[in-house]
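Biologist: I am new to this model and would like to learn how to read it. Could you take me through it feature by feature?

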Amino acid sequence: MSTNTTNEFGGEFGGITLLGRAHSLSALFIVVLRAFIGGMILFAGIGKVLEWPFDASGYLANVDPASPVSGLYGAMASMPALMEVVNVVVPVTQVLIGVALIAGAFVRLAALGGAVQMAMFYLGGWAGEFLALFDSTLIYAAVFLTVAAFGAGRILGLDAYIERIEVGGTPLIERFPAARYLLG
């Protein structure tokens, strides 16, 4: 592996230009991070499936009143039809997110789904304390977003191949530019 290659990244945020130079091992690190966070959510989903039936109503009904979502989650828990859907959607999406991240397929979509789930768990567990900003579920959400931001599916992942699939003689990513937001 060459350490002479320039690996720069950057962007503009609030009128400030941010530039950085990544270490030559950064690509390997982001693949490992993608696999770890994918494995974490995969096994969380598998655990829910193996302990079937999964029931989220107890969690939703007992959210701390200080949480900004306590009323919404309580209302959700009181709707049996909605709970039937939630009880299937949570474990199934966790398994799918985990498999997608480990395989490196549809990484941005999967990572966004993981970040949304972690944000919802974070809000449900928040009791109004300042130190809750450092809760593990919020950190997990940040890790999911990091994996998405770095396009980790293009590094030892299936997204690099999916983007090159030809549709009507044109690579998928060129024919459907919006797919860039799902792949990567």
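Predicted model: local features only at pLDDT ≥ 70, side-chain atom pairs only at ≥ 80, totals over all residues.

Biologist: What is the mean pLDDT of the protein chain, and which element has the lowest mean?

Modeller: pLDDT is the predictor's confidence in each residue, from 0 to 100. The chain has a mean of 85, with 95% of its residues reaching 70 or more.

Biologist: Where does UniProt place the feature "transmembrane region"?

Modeller: UniProt positions are given in the numbering used here, with feature names shortened, and annotations may be inferred rather than shown by experiment. The unreviewed UniProt entry places this feature at residues 27-50, 70-90, 97-125 and 137-156. In the model, residues 27-50 are 100% helix and 0% strand, with end C-alpha atoms 34 Å apart, whereas residues 137-156 are 65% helix and 0% strand, with end C-alpha atoms 26 Å apart.

Biologist: Which residues form the nonpolar patch on the surface?

Modeller: Patches are made of residues with over 30% relative accessible area and no salt bridge, where like charges are joined within 9 Å and nonpolar side chains (Val, Leu, Ile, Met, Phe, Trp, Tyr) within 5 Å. Accessible areas come from the Shrake-Rupley method with a 1.4 Å probe, and for residues only the protein chains shown count as cover. Here V49, W52, V88, V92 and L96 form the patch, with about 450 Å² of accessible area together, and helix α4 (residues 80-103) gives the most to it, with three residues.

Biologist: Is L96 buried or exposed?

Modeller: Buried means under 20% relative accessible area, exposed over 50%, and partly exposed in between (1.4 Å probe, protein chains only). L96, which lies in helix α4, is exposed at 54%.

Biologist: How many salt bridges does the structure hold?

Modeller: A salt bridge is a side-chain nitrogen of Lys or Arg within 4 Å of a carboxyl oxygen of Asp or Glu. The structure holds one, in which the side chains of R154 and E163 meet at 2.8 Å, N to O. R154 is partly exposed, at 35%, whereas E163 is buried, at 11%.

Definitions and conventions
Residues numbered from 1 in each chain as written. Heavy atoms only, no water. Helix = DSSP H or I, 4+ residues; strand = E, 2+ residues; numbered from the N terminus.
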